[in-house]
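Biologist: I would like to go through this structure with the cut-offs stated. Please set each value against its definition.

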Amino acid sequence: MELLKVQGQLDWKKLTRNVLIPVVGGSLIGYFANRNTQEQYAELEKPSFSPPGAAFPIAWTALYTMMGVANYRIEMKQQTQMKDVAEPLYDIQLGLNFLWSFLFFKWNLRGTALVEMTIMLGAIAMTAYEFNKIDRTAGALMVPYIGWVMFALMLNYSTWKLNK
């Protein structure tokens with residue numbers, strides 16, 4: 001519960017909004033980007049380290065929740081000048097995150113998705129850095145996301161190379 005209190009306050013409405021935007025947004029994007037593509041994806045050659053499909057929704061739900069809590073902590077801070085950089089970076093990386101699913105799954109642009117994910121990883125790292133300057137806990141909450149996207153980048157690269 002202390003993780004959710006910022007400057008002694010807990011705002012359930014802001015917390016809920018900040019968590020639901022990435023969780024529900026990611027779920028909807030996943031649904032629309034993956035609709036009618038399961039058979040095509042199943043036919044792709046995948047690297048040996050590719051986790052089972054069931055791992056992805058579990059991982060992404062946890063990561064989106066942590067991202068939402070991190071953004072909530074930043075939103076609750078009173079330092080508006082520093083938030084002017086951090087909050088737009090968060091929105092940019094989230095938009096890139098949502099775009100990737102369409103590039104990779106829906107539009108079969110795996111090479112483009114790889115380039116986009118590299119840019120996204122940079123945006124996530126910059127977001128984590130800016131979050132950390134405002135709130136160390138918010139910055140730390142972004143670290144598992146960075147690790148997962150680095151792993152996803154290797155998966156994207158390997159899948160692209162195996163299916164050129």
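Biologist: Leaving aside its neighbours within four places in sequence, which residues is Tyr-145 in contact with?

Modeller: Tyr-145 is in contact with Trp-60, Leu-63, Met-67, Gln-93, Asn-97, Met-120 and Ile-124, where contact means heavy atoms within 4.5 Å. This is a predicted model, in which local features need pLDDT of at least 70 and side-chain atom pairs count only at pLDDT 80 or more, while totals for chains, interfaces and linings use all residues. Residues are numbered from 1 along each chain as its sequence is written, and side-chain values use heavy atoms, with hydrogens and water left out.

Biologist: What is the place of Tyr-145 in the largest nonpolar core?

Modeller: That core has 46 residues, and Tyr-145 is listed with Phe-131, Met-142 and Val-149 as having the most contacts inside it. A nonpolar core is a set of buried Ala, Val, Leu, Ile, Met, Phe, Trp, Tyr and Cys residues joined through side-chain atoms within 4.5 Å. Two or more residues come from each of H1, H3, H4 (80-106), H5 (110-134), H6 (136-141) and H7; these are DSSP runs numbered from the N terminus (H or I, at least four residues, for helices).

Biologist: Why are H5 and H7 called roughly antiparallel?

Modeller: They pack at an angle of about 165°, and the term applies over 145 degrees, so H5 and H7 are roughly antiparallel to each other. Their axes, lines fitted to C-alpha atoms over the stretch in contact, are 10 Å apart, and the crossing is left-handed. Among the contact residues are Leu-114, Met-117 and Leu-121 of H5 and Tyr-145, Val-149 and Leu-153 of H7.

Biologist: How many residues of each class does the contact of H5 with H7 have?

Modeller: The contact of H5 with H7 has 16 nonpolar, four polar and one charged residues. Ala, Val, Leu, Ile, Met, Phe, Trp, Tyr, Cys and Pro count as nonpolar, Asp, Glu, Lys and Arg as charged, and the others, Gly among them, as polar.

Biologist: What makes up the contact of H3 with H7?

Modeller: Phe-56, Ala-59, Trp-60, Leu-63, Met-66 and Met-67 in H3 meet Pro-144, Tyr-145, Trp-148, Val-149 and Leu-155 in H7. By class that is 11 nonpolar, no polar and no charged residues. H3 and H7 pack at about 145° with axes 10 Å apart, in a left-handed crossing.

Biologist: How far apart are the axes of H1 and H3, and at what angle do these helices pack?

Modeller: H1 (residues 12-34) and H3 (residues 55-76) pack at about 145°, with axes 8 Å apart, and their crossing is right-handed. The contact includes Lys-14, Arg-17 and Asn-18 of H1 and Tyr-72 and Glu-75 of H3. Its residues divide into eight nonpolar, six polar and three charged.

Biologist: Why is Glu-75 called buried?

Modeller: Its relative accessible area is 17%, and buried means under 20%, exposed over 50% and partly exposed in between, with a 1.4 Å probe and protein chains only; Glu-75 is therefore buried. Not counting residues up to four places away in sequence, Glu-75 touches Lys-14, Arg-17, Asn-18, Lys-83 and Glu-87.

Biologist: What makes Gly-111 partly exposed?

Modeller: Gly-111, in helix H5, has a relative accessible area of 22%. That value falls in the in-between range, so Gly-111 is partly exposed.

Biologist: Where does Pro-51 lie?

Modeller: Pro-51 lies in the loop between helix H2 (38-43) and H3. Leaving aside neighbours within four places in sequence, Pro-51 is in contact with Phe-56, Phe-151 and Leu-155. Pro-51 and Asp-135 are 33 Å apart, C-alpha to C-alpha.

Technical notes
Axes fitted to C-alpha atoms, helices over the stretch in contact; angles between N-to-C directions. Left-handed = near helix turned anticlockwise from the far one by under 90°. Parallel < 35°, antiparallel > 145°, perpendicular 65-115°, else oblique.
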